[in-house]
Amino acid sequence: MASIYDQLPFNLNAEEVAEFMGISRAKAYTLMHSEGFPTIHIGKRMMVSREKLLEWLEEHTAKTAG
């Protein structure tokens, strides 16, 4: 059975991160510039892989639930 996460693009840009996380695009850019967030820089573009985003969310959810 396919997960909703499988419907995400392989690499997400800031707009897609914002939509997925339910935050503003500006907050997504801030997050993507933050230390420890798994941002990929391709020229001037910033992206994050679906896999790394989900891992990051899992790790940070576990820390805050703690």
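Strands (E, at least two residues) and helices (H or I, at least four residues) are DSSP runs, numbered from the N terminus. Residues are numbered from 1 along each chain as its sequence is written. Because the model is predicted, local features need pLDDT of at least 70 and side-chain atom pairs count only at pLDDT 80 or more, whereas totals for chains, interfaces and linings use all residues; side-chain values use heavy atoms, with hydrogens and water left out.

V48 also has T39 standing opposite. A further bridge joins I40 to M47 in β3, and β2 and β3 pair in the antiparallel sense over four bridges. In the hairpin formed by these two strands, two residues lie between the strands, and G43 takes a positive phi near 65 degrees. In general, strands of a sheet pair through backbone hydrogen bonds, either parallel or antiparallel.

Strand β3 is mostly covered, with four of its five residues buried; here, buried denotes under 20% relative accessible area, exposed over 50%, and partly exposed the range in between (1.4 Å probe, protein chains only). S49 is found in this strand and counts as buried at 10% relative accessibility. Contacts, defined by heavy atoms within 4.5 Å, link S49 to F10, N11, L12 and I40, not counting residues up to four places away in sequence. The side chain of S49 also reaches the backbone nitrogen of K52 at 3.0 Å. For such polar contacts, a pair of N or O atoms must lie within 3.5 Å; within protein, one must be able to donate a hydrogen and the other to accept it, and residues adjacent in sequence count only if both atoms are side-chain atoms.

Helix α1 (residues 14-21) has A14, V17 and A18 as its buried residues. Seen down the axis of α1, these residues fall within an arc of 100 degrees, so they line one face of the helix; the arc is that of the directions from the helix axis to the C-beta atoms. The buried residues of α1 pack against β1, α2 and β3. Just after α1, G22 takes a positive phi of about 75 degrees.

L31 has its place in α2 and is buried, with a relative accessible area of 16%. L31 and V17 are 14 residues apart in sequence and 9.5 Å apart in space, C-alpha to C-alpha. Leaving aside neighbours within four places in sequence, L31 is in contact with M21, F37 and W56.

Aromatic pairs were also examined. Rings of Phe, Tyr and Trp (its six-membered ring) pair if their centres lie within 6.5 Å, with planes under 30 degrees apart counted as stacked, over 60 as edge-to-face and the rest as tilted. By this rule the count comes to two aromatic pairs. The rings of Y5 and F20 have centres 6.0 Å apart and planes at 75 degrees, so this pair is edge-to-face. Y5 lies in the segment before β1 and F20 in helix α1, so the pair ties together parts that are 15 residues apart in sequence. Y5 counts as partly exposed at 39% relative accessibility, and F20 counts as partly exposed at 29%. The rings of F37 and W56 have centres 4.9 Å apart and planes at 75 degrees, so this pair is edge-to-face. F37 lies in the loop between α2 and β2 and W56 in helix α3 (residues 50-65), so the pair ties together parts that are 19 residues apart in sequence. Both F37 and W56 are buried.

Terms used. Two strands pair if DSSP finds at least two bridges between them.
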